[in-house]
Amino acid sequence: MLKGRTLLFADIIGRFGICAYFAIAMLRRIVHAAQIVVKDEWQSADVLALTSTAATVLFLGMVCVVAITRLPPIKAATGFEPYLTAMAGTFLLGLIAYLPEPADPAHSSIHERG
């Protein structure tokens, strides 16, 4: 079992890893939002995409803040499975932020048909 300094070091590395993972996703979304903002003409889909991107950036930022400021656990879980489940859930949730941005509605085939 990990004790003392080793546990503290592992906790710091874990917090840094989670924040780095979500910060990269946040940067991708901020770049996407900047591309929307610099457009000359906005469509309603641009406003919706910007709102969605802002909500995603806020969520990812909250994940980083919670990872940094979380309190120490009251009771430790027994076994390896709870830790594995928690880490898998954390990073699988982050994969949502790495999904590609929606296609530009001005160039979609549905828009051309309508």
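The side chains of Asp46 and Lys39 meet in a salt bridge, with 3.0 Å from N to O; the term denotes a side-chain nitrogen of Lys or Arg within 4 Å of a carboxyl oxygen of Asp or Glu. Asp46 is buried, with a relative accessible area of 5%, whereas Lys39 is partly exposed at 31%. Here buried means under 20% relative accessible area, exposed means over 50%, and partly exposed lies in between, with a 1.4 Å probe and protein chains only. This is a predicted model, in which local features need pLDDT of at least 70 and side-chain atom pairs count only at pLDDT 80 or more, while totals for chains, interfaces and linings use all residues. Residues are numbered from 1 along each chain as its sequence is written, and side-chain values use heavy atoms, with hydrogens and water left out.

The secondary structure of the protein comprises 4 helices and 0 strands, and from the N terminus on the elements run α-α-α-α. Helices (H or I, at least four residues) and strands (E, at least two) are DSSP runs, numbered from the N terminus. Of the 114 residues in the protein, 19% are buried.

A search of the whole structure finds 3 salt bridges. Besides the pair already described, Asp11, Arg15 and Arg70 are linked in a network of salt bridges. Because Arg15 and Asp11 are 4 residues apart in helix H1, about one helical turn separates them. The side chains of Asp11 and Arg70 also meet in a salt bridge, at 2.5 Å, N to O. This pair links distant parts of the chain, since Asp11 lies in helix H1 and Arg70 in the loop between H2 and H3, 59 residues apart. Asp11 is partly exposed at 24% relative accessibility, and Arg70 is partly exposed at 38%.

Helix H1 (4–37), helix H2 (44–69) and helix H3 (81–95) each supply at least two residues of the lining, and the largest share, 7 residues, comes from H1. By class, the lining has 19 nonpolar, 3 polar and 4 charged residues. Ala, Val, Leu, Ile, Met, Phe, Trp, Tyr, Cys and Pro count as nonpolar, Asp, Glu, Lys and Arg as charged, and the others, Gly among them, as polar.

On the surface, Phe59, Met62, Leu93, Ile96 and Leu99 form a nonpolar patch with about 490 Å² of accessible area together. Such a patch joins nonpolar side chains (Val, Leu, Ile, Met, Phe, Trp, Tyr) within 5 Å, from residues with over 30% relative accessible area and no salt bridge; accessible areas come from the Shrake-Rupley method with a 1.4 Å probe. Leu99 belongs to the loop between H3 and helix H4 (109–113), and is partly exposed at 48% relative accessibility.

Thr56 lies in helix H2 and is partly exposed, with a relative accessible area of 22%. Thr56 and Met26 are 30 residues apart in sequence and 7.8 Å apart in space, C-alpha to C-alpha.

Key: Patch = residues over 30% accessible without salt bridge, like charges linked within 9 Å, V, L, I, M, F, W, Y side chains within 5 Å.
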